[in-house]
Amino acid sequence: MPNEMPLRKIIHVDMDAFYASVEELDNPELKGKPLAVGGSEKRGVVSAANYEARKFGVRSAMSGFLAKKNCPHLTFVKPRFERYKEISQIIRSIFFEYTDLVEPLSLDEAYLDVTINKKGNPSATMLATEIRQRILEKTGLNASAGISINKFIAKVASDINKPNGQKTVNPEEVIPFLENLDIRKFYGVGKVTAEKMYKLGIFTGKDLKNKSIEFLAENFGKSGPYYYHVVRGIHNSEVKPHRIPKSVGAERTFNENLSSEIFMLERLEHIAQELERRLKKATIAGKTITLKIKYSDFTLNTRSKTMPYFISDKDLIFETAKNLLYQEELQNSVRLLGISLSNLNTDKKTAKKLEDKSILVQLKFDF
């Protein structure tokens, strides 16, 4: 095993179909039925789907129309982010019973470094089992977990025995585990990258490991060295209790496609106001404004401008977004508009105020 850092004990906890499971918890009549949170059969995008719906190919980020086409008896429910946040806080409080080194990734998953833990238990596997049981007892929800020597392997392992299961990859098992892993299961390898790897003869971790760092850098750019190291079990990223966001944004999906720029400007002003609220709540400012446009045919267009100074004011954000809207002629009617601010002034002091990542939730659905 690589000896760049002392071996750690990392747990990745991932709630099972979290949003959908909360809806089933609060409305038992939904249990056992295909369920999608968000979207609708006419408009919108699926935010989450339960396992019954996934059997029919319903996935997050899928249009509500396509989801209903795949699963005609699918039930749609509106997302209730305040409720999800409430339960997430209960789950997070359980994590802190075991360690202060907790890095939330979203409302429904987190990394825990239990190398040294508050229970004095040397077995990370036993701790993961106990944490999952505590979550079930306090919330009525199931969680899955992955346990290993670093964040990458723990993240991959948590998906192996889903739902309501866990997988431990011990130090001596890391290399065989990664070599036998389908390349599609590597965290950070998306559909497009996987297809490119297939064309290069890379189907498993072993195939990836046989490629030189020069070959991977040439074909995958900056990601090449990352792939080269993780397939060898090297991932030295620490569990960071306070994650600093790279951007803050707000966006809207509309009930009806918009073709008039006047109507778009009205929506953009509301989005800019919401973004200002989030920025001020977190005492954040940024320099780069990005306008996101999703057309009725689901093609995506982004336009950005970097200011010479930090901003967080609604009027400045709106004026810049308006100029970006007029920058190019629109290609089609518009179903979604969004504004995000990046190149932020965040530092360690600011990060403490960002422990609740809910400010980064960008999707809002109109019904």
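The legends below describe close-up views of a predicted model.

**View 1. Division of the chain into three domains.** In this predicted model, the chain is divided into domain 1, which spans residues 1-169, domain 2, which spans 171-241, and domain 3, which spans 247-344. The centres of domain 1 and domain 3, taken over C-alpha atoms, are separated by 30 Å.

**View 2. The interface between domain 1 and domain 3.** Where these two domains meet, 5 residues of domain 1 are in contact with 8 residues of domain 3. The size of an interface is often given as the accessible area lost when the parts come together. Between domain 1 and domain 3 about 450 Å² is buried, and 40% of this area lies on carbon and sulfur atoms. On the side of domain 1 that touches domain 3, the residues divide into 1 nonpolar, 2 polar and 2 charged.

View 3. A search of the whole structure finds 3 cavities of 30 Å³ or more, and the second largest cavity has a volume of about 60 Å³. Its lining includes Met15 together with Ser88, Ile91, Arg92 and Phe95. The residues that line the second largest cavity also include Pro104, Ser106, Leu107, Asp108, Glu109 and Ala110.

Note on methods:
Residues numbered from 1 in each chain as written. Predicted model: local features only at pLDDT ≥ 70, side-chain atom pairs only at ≥ 80, totals over all residues. Heavy atoms only, no water. Domains from an automatic or database assignment. Contact = heavy atoms within 4.5 Å. Buried area = accessible area lost by both parts, 1.4 Å probe. Nonpolar A, V, L, I, M, F, W, Y, C, P; charged D, E, K, R; others polar. 1 Å grid on protein atoms, 1.4 Å probe; cavity = no way out; pocket = protein on both sides within 12 Å on 5 of 7 lines; lining within 4 Å. Points joined across faces, edges and corners; volume = space filled by probe spheres on them.
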